[in-house]
Amino acid sequence: MTASTPGDRETVDAASLLGVSDRTLVMGVVNVTPDSFSDGGEWFEPEAALAHGLDVLAAGADIVDVGGESTRPGAERPSVAEELRRVLPVVRGLAAAGAVVSIDTMRAEVAVEAVAAGATFVNDVSGGLADPEMVPAVAAAGVPYIAMHWRGHSTEMQSMAVYDDVVEDVCRELASRRDALLGAGLAEDLLVLDPGLGFAKHAEHNWALLAALPVLHDLGHPILLGASRKTFLGRLGRAEGEPPRPAAQRDPETAATSVMAAMAGLWCVRVHDVETTVRALSVVQAALEHAPDDFHDDHDDDGDLG
């Protein structure tokens, strides 16, 4: 990895962002939902969500991720019409403002409509498993596709959090999903993978995956990490039986996971607090700028900090 300054944002389209390897990108979250675990519907109305998205962009996000369906454990799904009502004005407005927009959806119809409105990434937490039309639609659209490790919908996923070895199991299942996606026509150079922290995973599973981030490079694709404000971070420093810190108070812990991702050479982190993340990652970049050349050579082959 060759270091660059955190403020160097010359890459402004999806294709060029996929090729970034000299720093870890920042994806800022814009939830257009009434029941998000992190913000409790603060940006539910499209006007408020668009204003928030513009703030996220101004804070330094490389990609703005717009979602209209809560994926917190136990969440019920909105109708397709309602999801479209929530996200399309926000996608359209952010794209018009020059943002690189990702649509966070499990539905092909929403993905297609959002791409037509200006989205240039599709971020599907189900990896194409929730809607059989998703992969053909994304392949036809020719936009980058982010596929997460997924075992089931929010209402049932935590009952599926059973692993022999979570790192080996997640990598094997992601590799199998990768092969299926490519076999279904998705372009190899447009695929991003996500280990799915918090999705069908208990705290110990999330920690094990965080400790093994460099292993994810073996999958052969850019990696997105989404640890932001998740409950396992909120339990740190809390006594047994004590409730976790509220989601909005978990940004210091989130910043630490983003630094871990950058040190492991991951492609992108998905976060709620963009400004803090950008500042935290600038520390990694500053260190890389002062690393000797042979340090980069030694690490470029194994995914660690390079």
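**Helix α3 and its surroundings**

Mentor: Happy to. Let us start with handedness: α3 and α4 cross in a right-handed manner. Please keep in mind throughout that this is a predicted model. Helix α3 covers residues 80–96 and helix α4 covers residues 108–117; their axes come within 9 Å and cross at roughly 20 degrees. Angles under 35 degrees count as roughly parallel, and α3 and α4 are therefore roughly parallel to each other.

Now for the side that each helix brings to the contact. From α3 come Val80, Glu83, Leu84, Val87, Leu88, Val91, Arg92 and Ala95, while α4 supplies Glu109, Val110, Glu113, Ala114 and Ala117. Sorted by class, this contact of α3 with α4 holds nine nonpolar residues and four charged ones, with no polar residues.

If you set aside the neighbours within four places in sequence, Val91 is in contact with Val66, Val101, Ile103, Ala114, Ala117, Gly118 and Ala119. Two of these, Ala114 and Ala117, belong to the α4 side of the helix contact. The C-alpha atom of Val91 is also separated by 9.0 Å from that of Asp65, a residue 26 places away along the chain. Keep Asp65 in mind, as it returns below.

Staying with α3, have a look at its charged side chains. Side chains of opposite charge can pair when their charged atoms come close. Glu82 and Arg85 form such a salt bridge, at 3.0 Å from N to O. Both residues lie in helix α3, three residues apart, about one turn of the helix. Glu82 has a relative accessible area of 21% and is partly exposed; Arg85, at 36%, counts as partly exposed too.

The side chains of Arg270 and Asp104 meet in a salt bridge of 3.2 Å, N to O. Arg270 lies in strand β8 (residues 268–271) and Asp104 in strand β3 (residues 101–104), so this pair ties together parts that are 166 residues apart in sequence. The cut-off for buried is under 20% relative accessible area. Arg270, at 18%, is buried, and Asp104, at 12%, counts as buried as well. Here Asp65 comes back: Asp65, Asp104 and Arg270 are linked in a network of salt bridges. In the whole model the count comes to 13 salt bridges.

Arg172 forms a salt bridge with Asp169, and the closest N and O atoms are 3.3 Å apart. Arg172 and Asp169 are three residues apart in helix α6 (residues 166–183), which means they are separated by about one helical turn. Asp169 is buried, with a relative accessible area of 6%.

The axes of helix α9 (residues 251–263) and helix α10 (residues 274–289) come within 9 Å and cross at roughly 40 degrees. That makes α9 oblique to α10. The crossing of α9 with α10 is right-handed. On the α9 side the contact uses Ala255, Ser258, Val259, Ala262 and Met263, which meet Thr276, Thr277, Ala280, Leu281 and Val284 in α10. By class, the contact of α9 with α10 has seven nonpolar and three polar residues, and no charged ones.

Finally, a word on the backbone. Most residues other than glycine have a negative phi. Ala200 has a positive phi, near 55 degrees. It is placed in the loop between β6 (191–194) and α7 (203–211), where Ala200 is buried with a relative accessible area of 0%. Arg229 likewise has a positive phi, near 60 degrees. The place of Arg229 is in the loop between β7 (224–225) and α8 (231–234), and Arg229 is buried, with a relative accessible area of 12%.

How values were computed: Residues are numbered from 1 along each chain as its sequence is written. This is a predicted model: local features need pLDDT of at least 70, side-chain atom pairs count only at pLDDT 80 or more; totals for chains, interfaces and linings use all residues. Side-chain values use heavy atoms; hydrogens and water are left out. Axes are lines fitted to C-alpha atoms, for helices over the stretch in contact, and angles run from 0 to 180 degrees between N-to-C directions. Helices (H or I, at least four residues) and strands (E, at least two) are DSSP runs, numbered from the N terminus. Angles under 35 degrees count as roughly parallel, over 145 as roughly antiparallel, 65 to 115 as roughly perpendicular and the rest as oblique. A crossing is left-handed if the near helix is turned anticlockwise from the far one by less than a right angle, and right-handed if clockwise. Contact means heavy atoms within 4.5 Å. Ala, Val, Leu, Ile, Met, Phe, Trp, Tyr, Cys and Pro count as nonpolar, Asp, Glu, Lys and Arg as charged, and the others, Gly among them, as polar. A salt bridge is a side-chain nitrogen of Lys or Arg within 4 Å of a carboxyl oxygen of Asp or Glu. Buried means under 20% relative accessible area, exposed over 50%, partly exposed in between (1.4 Å probe, protein chains only).
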